[in-house]
Amino acid sequence: MPRKAKEYPEEGEFVVATVKSIHPYGAFLKLDEYPGKEGFMHISEVASTWVKNIRDYVKEGQKIVAKVIRVDPSKGHIDLSLKRVNQQQRKAKLQEYKRAQKAENLLKMAAEKIGKDFEAAWREVWVPLEEEYGEVYAAFEDAAQNGMEVLKGLISDEWIEALKPIIEAYVEIPTVTIDAEFEITVPSPNGVEIIKEALIRARDRANEEKDIEVKFSYQGAPRYRIDITAPDYYKAEEVLEDIAEEILRVIKEAGGEATLIRKEKRIKKIKRRGA
């Protein structure tokens, strides 16, 4: 079970917790990411409406996402809230928790490879990477995308060598895809060929860059769609601006017109080889 490097959660933090016991006035929950720590959720923090029976909302053994509203380490008190967690926050926290589970499984594989137990792996790898990146799987993604050298100085070479083939085989790299459309017209007999050449040149130039993929598709005159996949949103935007500038220049020189129509960005993931 993934656990945090710090001893106590912070106020405002979202945590995964298991309902341990339920009482008429509230419930006690075990904090899954903080071994040995329990929190209390008062009945007034269960739902936004009046709660007659708390068991209508939570059950023993149920896993929930709760928000930490007070922490008193001197007394060991942690107060939790369920009603202050919206659907988006719950989804984001569960995704973070799943990423931590993936990171833990990969680290266990590396530990077994070099003959160390997970407690040693947690001290020597988990703690420093979480402190640097905020979460361990983010460190693994960085290493998959930019090379294992990014982990040097944070963990030992022994761990880097053990993790390298595991990260290459199993870590997914998030990418961003943004969509856009161009409205292009060139009022000349060879206008279609000019447009085609402009799109091909812009696409091929962008695809020369590492981790960039650009695709054009015909949507019906005078519209052409572009899909740009990049490591992050800012890089995708930069590539789109460069492509738009090149296309507009070529089309203008040919006596035509081109207009860029923006679309929404999308997030997807690509797997490393061997996954």
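**Figure 1. Salt bridges across the predicted model.** Welcome to the charged pairs: the count comes to 32 salt bridges, a salt bridge being a side-chain nitrogen of Lys or Arg within 4 Å of a carboxyl oxygen of Asp or Glu. This is a predicted model, where local features need pLDDT of at least 70 and side-chain atom pairs count only at pLDDT 80 or more, while totals for chains, interfaces and linings use all residues. Residues are numbered from 1 along each chain as its sequence is written, and side-chain values use heavy atoms, leaving out hydrogens and water. As a reminder, side chains of opposite charge can pair when their charged atoms come close.

**Figure 2. Close-up of glutamate 96 and lysine 4.** Here glutamate 96 forms a salt bridge with lysine 4, and their closest N and O atoms are 3.0 Å apart. The pair links distant parts of the chain, 92 residues apart: glutamate 96 sits in helix H1, and lysine 4 in the segment before strand S1 (14-23). Helices (H or I, at least four residues) and strands (E, at least two) are DSSP runs, numbered from the N terminus. Lysine 4 is buried, with a relative accessible area of 15%, whereas glutamate 96 counts as partly exposed at 28%. For these words, buried means under 20% relative accessible area, exposed over 50%, and partly exposed in between (1.4 Å probe, protein chains only).

Figure 3. Lysine 116 forms a salt bridge with glutamate 124, with the closest N and O atoms 2.9 Å apart. Lysine 116 is partly exposed at 27% relative accessibility, and glutamate 124 is partly exposed at 30%. Elsewhere, salt bridges that share partners join Arg201, Arg205, Glu246, Arg249 and Glu253 into one network. In the other pair, aspartate 79 forms a salt bridge with arginine 70, the closest N and O atoms being 2.9 Å apart. Arginine 70 is partly exposed, with a relative accessible area of 46%.

**Figure 4. Close-up of the nonpolar cores.** A nonpolar core is a set of buried Ala, Val, Leu, Ile, Met, Phe, Trp, Tyr and Cys residues joined through side-chain atoms within 4.5 Å. The largest one has 30 residues, and Phe140 and Leu163 touch the most other members. Two or more residues each come from helix H1 (87-114), helix H2 (118-133), helix H3 (136-146) and helix H4 (157-170). H2 gives the most to this core, with 7 residues. Zoom in on leucine 163 and you will find that it touches Leu106, Leu107, Ala110, Val125, Phe140, Met148 and Ile155, not counting residues up to four places away in sequence. Apart from this core lies another, of 27 residues, including Val186, Ala206, Ile212 and Ala230.

**Figure 5. The whole chain, for orientation.** The protein chain holds 6 helices and 9 strands. Its domain assignment (automatic or from a database) gives domain 1 (13-83), domain 2 (89-170) and domain 3 (176-262). The C-alpha centres of domain 1 and domain 3 lie 52 Å apart. Along its principal axes the C-alpha trace spans about 80 × 55 × 30 Å. Buried residues make up 44% of the 275 residues in the chain. Among contacts (heavy atoms within 4.5 Å) between residues at least 6 apart in sequence, 65% join residues at least 24 apart.
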